[in-house]
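Hello,

Here is the structure I promised to pass on to you. Have a look at it first, and then read on for what turned up.

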Amino acid sequence: MRRGSVDDRPCDCGNGLVACDRCKGSGELPCVPAEACGGCQGVASCLWCDGTGRRSRPTYGRPDAGQQGRVGRVRCGRCGTANSACADCGGRGRTTCARCGGSGSRACSDCDRTGTVPHRRCGGTARTVTWTEGVVTRSPLDVKVRIASPDLPYGAWKSARDHGAWTDVRVVGARSVLARDTDGEVAGTLEP
């Protein structure tokens, strides 16, 4: 961070909160309080009252008015007639919304009914801090260094390396390696 570049100031939002975009600040979302019943589609909710609570049409001549049409039916919640209402809606023709309980509005999941959410720019702190940042990169400088052999001058070592095979012989014990690799007179002079 560059020294002297820190700028701490209040955010434009004022208190760190802004109106929720999803519910427009109301905290509630509109919901359909009731829907047509999935079992009867609101058409044959009750064979007696058609979901009104009073007899609306004669049952004589209706194909679903007999005992066969009453299979799976329950007591109507509107008119009280036994074995005449749809089992899903109880004769009302509509089912209440499970999300809102029939009230017509439900809680906004983004703001949890508060109507406000934390401001994204300041993270809900009501302050913004800006600064100038710098990144220091370093690349190493590779330099080849020639190391001379301690036993020979550099020129002789380089010439031997370039024009032939050069092996280091280390004398460790009495005639261990020298006897095998060198002439007997030379080995005798080199031994410690």
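A residue counts as buried here when its relative accessible area is under 20%, and as exposed when that value is over 50%, with partly exposed in between. Please keep in mind that this is a predicted model. Of the 192 residues in the protein chain, 21% are buried.

Now the overall layout. The protein chain has 3 helices and 8 strands, and along the sequence they run β-β-β-β-β-β-β-β-α-α-α. Taking contacts between residues at least 6 apart in sequence, 65% join residues that are at least 24 apart. The chain exposes about 14300 Å², and carbon and sulfur atoms supply 50% of that area.

On the surface you will find a nonpolar patch formed by Met1, Val6, Val129 and Trp131, which together have about 420 Å² of accessible area. One of these, valine 129, sits in strand E8, which spans residues 127–130. Its relative accessible area is 43%, so valine 129 is classed as partly exposed.

Serine 5 is also worth a look. Is serine 5 buried or exposed? It counts as buried, because its relative accessibility is 16% and the cut-off is under 20%. Serine 5 belongs to the segment before strand E1 (7–10). Apart from neighbours within four places in sequence, serine 5 is in contact with Thr130, Trp131 and Thr132. With threonine 132 there is a polar detail too: a polar atom of the serine 5 side chain lies 3.0 Å from the backbone nitrogen of threonine 132.

Notes:
Residues numbered from 1 in each chain as written. Predicted model: local features only at pLDDT ≥ 70, side-chain atom pairs only at ≥ 80, totals over all residues. Heavy atoms only, no water. Helix = DSSP H or I, 4+ residues; strand = E, 2+ residues; numbered from the N terminus. Buried < 20%, exposed > 50% of the residue type's maximum accessible area, 1.4 Å probe, protein only. Contact = heavy atoms within 4.5 Å. Areas by Shrake-Rupley, 256 points an atom, 1.4 Å probe, with all protein chains shown as cover. Patch = residues over 30% accessible without salt bridge, like charges linked within 9 Å, V, L, I, M, F, W, Y side chains within 5 Å. Salt bridge = Lys/Arg side-chain N within 4 Å of Asp/Glu carboxyl O. Polar contact = N/O pair within 3.5 Å; in protein donor to acceptor, adjacent residues only side chain to side chain.
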